[in-house]
Amino acid sequence: MDMERAARYVDALYERDELLERVEERIRALGMPDISVPKGTGRLLTLLAGLSGAKRALEIGTLGGYSAICIARGLPEDGHLTTLELNPDFARAARDHFRMAGLEAKVTVRVGDARASLAELAEEGERFGFVFMDADKFNYPHYLEAALRIAEPGCLIVADNILTRGRVFDPAQDTPSTAALREFNRSVARDPRLQSVLLPAYDGLAILRVKA
Ligand code: SAH
Ligand code: MG
């Protein structure tokens, strides 16, 4: 089955989402990378953020805020999303998009290296019921351990791009980020702290639940 065609088929069944389309257009107009999550992953994030029951959610890797908007939409009225971004220009664009979405009170962007921001959040005693990992793949093993330190019991953790368009299972690929992703996938599949599914949908999604 042609998965790109399948995604186009299901996307066409939904009503247009004018806000997300405007966000995508603005990301392109600003010359930012075209690597926001696909529409279907966005819908899944809204669904899972809601199902998690989380009041506080965390995202690692904001870019233009497309996936953050999807997560924030799934949270309750009094819910809050903290999203971490290294690039201050991307963070500024994302804040504009949260305003466009009427979500400026519900989403906070923290600028800086996510490794440092995660350490600060742990220090501040913050706890999260939903985590979405989508920043540099080389740090996924580190991000998982950092997320587990600030996860509430039962926390849902979603990680994007775990198949990197097939590079992860192509033995000819041996970059450090591919090696890190292989380690991440191998270890989460067997981690006794987690219930998990490694889903070969879109660019590969890991859905993990922290056992209580
Ligand atoms: N989640 C976004 C896409 C994120 S793209 C969406 O789907 O809408 C990955 C983002 O991670 C980029 O914006 C990049 O600047 C950021 N990033 C990369 N390395 C990082 C790091 N060490 N700390 C924080 N952010 C990082
Ligand atoms: Mg991604």
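In this predicted model, Phe 132 stands opposite Val 158 in strand β5. Five bridges join strand β4 to β5 (residues 151-160), and the two strands run parallel. The chain passes from β4 through helix α7 to β5, forming a β-α-β crossover that is right-handed.

**Strand β4 and its partners**

- Strand β4 spans residues 128-133 and is mostly covered, with six of its six residues buried.
- Strand β1 (residues 56-60) is joined to β4 by four bridges, and this pair likewise runs parallel.
- Within the pairing to β4, Ile 60 has Met 133 as its bridge partner.
- In a regular strand, side chains alternate between the two faces of the sheet.

**Packing of helices α6 and α7**

- Helix α6 (residues 114-123) packs on helix α7 (residues 140-149) at an angle of about 10 degrees, and their axes lie 10 Å apart.
- Because angles under 35 degrees count as roughly parallel, α6 is roughly parallel to α7.
- On the α6 side the contact is made by Ala 114, Arg 115 and Leu 118, and on the α7 side by His 142, Tyr 143 and Ala 146.
- The residues of this contact of α6 with α7 comprise four nonpolar, one polar and one charged.

**Ser 67 in helix α4**

- Ser 67 is located in helix α4, which covers residues 66-74.
- Ser 67 has a relative accessible area of 4% and is therefore buried, the cut-off being under 20%.
- Apart from neighbours within four places in sequence, Ser 67 is in contact with Val 37, Leu 45, Glu 59 and Phe 132.

**Residues with positive phi**

- Most residues other than glycine have a negative phi.
- Arg 165 has a phi near 50 degrees, a positive value in a residue other than glycine.
- Arg 165 is placed in the loop between β5 and α8 (176-190).
- With a relative accessibility of 72%, Arg 165 counts as exposed, since the term applies over 50%.
- Tyr 202 also has a positive phi, near 50 degrees, and is not a glycine.
- The loop that holds Tyr 202 lies between β6 (194-199) and β7 (205-210).
- Tyr 202 is partly exposed, with a relative accessible area of 38%.

Notes. Residues numbered from 1 in each chain as written. Chains lettered and ligands numbered in written order. Predicted model: local features only at pLDDT ≥ 70, side-chain atom pairs only at ≥ 80, totals over all residues. Heavy atoms only, no water. Axes fitted to C-alpha atoms, helices over the stretch in contact; angles between N-to-C directions. Parallel < 35°, antiparallel > 145°, perpendicular 65-115°, else oblique. Contact = heavy atoms within 4.5 Å. Nonpolar A, V, L, I, M, F, W, Y, C, P; charged D, E, K, R; others polar. Buried < 20%, exposed > 50% of the residue type's maximum accessible area, 1.4 Å probe, protein only. Pairing = 2+ DSSP bridges. Right-handed = clockwise from strand over helix to strand, strands pointing away.
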